[in-house]
Amino acid sequence: RRGRRSLDLLHGDGFAVVEAQMLRLCALLDPASTEDDVQVEALGDLEQLLRTHGAQKTNLMVHHQVLPLLEMLDAPSDLVVCRALSVVHEALTERERNSSAGDYTGYIGIVAPLADNMCTVGLLGKLLDLCGRSRADEEAVSVVLQATLVLNSLCWGAEPRIIQMVVGCRGIPVLSSLLEADAPISHLALDCIWKVTNLQSPTPKRDFCRLLARASAAPRLVALLARAFR
C-alpha cells in the first residue's frame, strides 16, 4: 500500500500539487533581492518541501529548479547564501527515514542524478569560491562552514569523478587553506583531502601529493595536529 501511494505521488495528482508548490516557491527566489527575510523564508519552505518529499527530489529538481537554486549562491546577503547552501545540501543528500513524516534515522549517500546535474552546471566552482571566502565575522564563517559541509558530502558520497572535478577546479589549494580554520571547518577539509589522496584513478598519488605540497598543506597539517593535542 505504501509503495502504491508513492507511485501515485510520483505520477498522479499528488505529484502535480507538490510540483506546483515548488514552482511557486522558486518563483520567489531572486539573488538580487534586498528583502532577505522573504528569500530566507522561501528557501526554508523549499528545504522543508524537499525533506518531506525526499523520494521525489530528482523529479522535482532536475527538470526545473537546479539553476534558480544555484543562482541564490550569488546573493549579496550571507544569511541568504547560507540558507541556499542548506537547501542544496538537503537536495543532494539521501537519508533513511522511519516514518511518513520524514524523520531521519541515518545518512545513506548522495542523490547521484542531482549531484551530476548540479556539478555540470557549476556547483563545485561556486562551492570552492564560497569556501575560499574571508572568515571575518560570524555570518561569513557560517557560509564557509555550510559550503565546506556540502563539499565534504559530495567527496564522501558521490562518484569518484566528482572528486576528480574538485581537483580539476583547483580545489586542493582551497582545501589546504581551510586547514587553518577552526573546527569543524578544518576537520571537514581534512576529510576531503583524505578522499582526494585515496582516490582510485589513473592519476598517480604522487601527483596529488605534489599538488598538496605546492598548496602548503604540509605545515598546515602539522599545525592542525598540534592544535588537536594542546
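User: In which helix is G44 placed, and why does G44 count as buried?

Analyst: In this predicted model, G44 sits in helix α3, which covers residues 36–52. The relative accessibility of G44 is 14%. A residue is called buried when that value is under 20%, so G44 counts as buried.

User: How far apart are the C-alpha atoms of G44 and V87?

Analyst: They are separated by 7.6 Å, although G44 and V87 are 43 residues apart along the chain.

User: Why is N152 called buried?

Analyst: N152, a residue of helix α9, has a relative accessible area of 10%. The cut-off for buried is under 20%, and N152 is therefore buried. Leaving out residues up to four places away in sequence, N152 touches L188, D191 and C192.

User: What makes L67 partly exposed?

Analyst: L67 belongs to helix α5 and has a relative accessibility of 46%. Buried requires under 20% and exposed requires over 50%, with partly exposed in between, so L67 counts as partly exposed. L67 and M118 are 51 residues apart in sequence, while their C-alpha atoms are 8.0 Å apart in space.

User: Into which class of accessibility does S216 fall, and why?

Analyst: S216 has a relative accessibility of 34%. That class lies between buried, under 20%, and exposed, over 50%, and S216 therefore counts as partly exposed. S216 lies in the loop between α13 and α14, and has a positive phi of about 60° although it is not a glycine.

User: How do you know that the buried residues of α8 line one face of the helix?

Analyst: The buried residues of helix α8, residues 123–131, are L123, L124, L127, L128, L130 and C131. Seen down the axis of α8, they fall within an arc of 160°, so they line one face of the helix. An α-helix has 3.6 residues a turn, so residues three or four places apart point the same way.

User: Against which helices do the buried residues of α8 pack?

Analyst: They pack against α5, α6, α7, α9, α10 and α11. For one of these buried residues, L127, the contacts beyond four places in sequence are with L85, A147, V150, L151 and L154.

User: Which residues have the most contacts inside the largest nonpolar core?

Analyst: That core has 70 residues, and those with the most contacts inside it are L92, M118, L123, L127, L151 and L154. Helix α6, residues 78–92, gives the most to this core, with 9 residues.

User: How do α11 and α12 cross, and which residues make the contact?

Analyst: The axes of α11 and α12 come within 8 Å and cross at roughly 145°. The contact involves I172, L175, S176 and L178 of α11, together with I185, S186, A189, C192, I193 and V196 of α12. The crossing is left-handed.

User: Which peptide bond is cis, and where does P184 lie?

Analyst: The bond from A183 to P184 is cis, with omega near 5°. P184 lies in the loop between α11 and α12.

Methods
Residues numbered from 1 in each chain as written. Predicted model: local features only at pLDDT ≥ 70, side-chain atom pairs only at ≥ 80, totals over all residues. Heavy atoms only, no water. Core = buried A, V, L, I, M, F, W, Y, C linked by side-chain atoms within 4.5 Å. Buried < 20%, exposed > 50% of the residue type's maximum accessible area, 1.4 Å probe, protein only. Helix = DSSP H or I, 4+ residues; strand = E, 2+ residues; numbered from the N terminus. Contact = heavy atoms within 4.5 Å. Arc of directions from axis to C-beta. Axes fitted to C-alpha atoms, helices over the stretch in contact; angles between N-to-C directions. Left-handed = near helix turned anticlockwise from the far one by under 90°.
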